[in-house]
Amino acid sequence: MDVPLLPTISTFFIVLSAVLVAIGWYLIWNKKVEAHKKTMLAAAVSALLFFIIYLSRTIFIGNTAFGGPDHLKVYYTTFLIFHIFLATTGAVFGIITIYAGLKNNLVRHRKIGPVTSIVWFFTAITGVAVYLLLYIFYKGGETTSVFKAILGF
């Protein structure tokens, strides 16, 4: 099996970010505020590394179309759109949550932090599923522009 390097590395970083968020929750639950802060910032850096790799690959190489059976393409596309929505929402919420924490706006941070974390966990899970569907379970389709890969034109 030929596993693509950049998608594998970027998927690793998104999984790492989710693991770090879980560790951050454990730390804050145990009142280890400084360790929580460092861990959550490391989670944000990991997510940012994912995004940089993903964006670079998209710009310079393109996106890989779904290579599985045609009868599954509509389900994959729906799932991918759901993942993209989650990722965008999670990123925006993440920035707001981190900013609130760094500015010591703990009321806001505590209010949206749990929602942000849940969205991010689902983003990571669906991201791994997209990776598995594109590169492990099925041989990836052609690598092409993002619009053609997602929408087929």
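This is a predicted model: local features need pLDDT of at least 70, side-chain atom pairs count only at pLDDT 80 or more; totals for chains, interfaces and linings use all residues.
Trainee: In what order do the elements of the chain run from the N terminus on?
Mentor: Helices (H or I, at least four residues) and strands (E, at least two) are DSSP runs, numbered from the N terminus. The chain has 5 helices and 2 strands. From the N terminus on, the order is α-α-β-α-α-β-α.

Trainee: What share of the 153 residues of the chain counts as buried?
Mentor: Buried means under 20% relative accessible area, exposed over 50% and partly exposed in between, with a 1.4 Å probe and protein chains only. On that scale, the buried share of the 153 residues is 34%.

Trainee: What percentage of the contacts with a separation of 6 or more joins residues 24 or more positions apart?
Mentor: A contact means heavy atoms within 4.5 Å. Among contacts in the chain with a separation of 6 or more, residues 24 or more positions apart account for 74%.

Trainee: Against which elements do the buried residues of α2 pack?
Mentor: The buried residues of α2 include His36, Met40, Phe50 and Arg57. The buried residues of this helix pack against α1, β1, α4 and β2 (143–144).

Trainee: Is threonine 64 buried or exposed?
Mentor: Threonine 64 has its place in strand β1 (residues 63–64). Its relative accessible area is 9%, so threonine 64 counts as buried.

Trainee: Which side chains are joined to that of threonine 64 by polar contacts?
Mentor: A polar contact is a pair of N or O atoms within 3.5 Å; within protein, one must be able to donate a hydrogen and the other to accept it, and residues adjacent in sequence count only if both atoms are side-chain atoms. Another, of 3.1 Å, links the side chain of threonine 64 to that of tyrosine 135.

Trainee: What is the relative accessibility of lysine 31?
Mentor: Lysine 31 is found in the loop between α1 (5–29) and α2 (33–60). Its phi is positive, about 65 degrees, although lysine 31 is not a glycine. Most residues other than glycine have a negative phi. Lysine 31 counts as exposed because its relative accessibility is 69%.

Trainee: Where does asparagine 104 lie, and is it buried or exposed?
Mentor: The phi of asparagine 104 is near 60 degrees, a positive value in a residue other than glycine. Asparagine 104 lies in the loop between α3 and α4 (106–136). With a relative accessible area of 57%, asparagine 104 is exposed.

Trainee: How far apart in space are threonine 78 and leucine 48?
Mentor: Threonine 78 lies in helix α3 (residues 70–102) and is exposed, with a relative accessible area of 52%. Threonine 78 and leucine 48 are 30 residues apart in sequence, and their C-alpha to C-alpha distance in space is 25 Å.

How values were computed
Residues are numbered from 1 along each chain as its sequence is written. Side-chain values use heavy atoms; hydrogens and water are left out.
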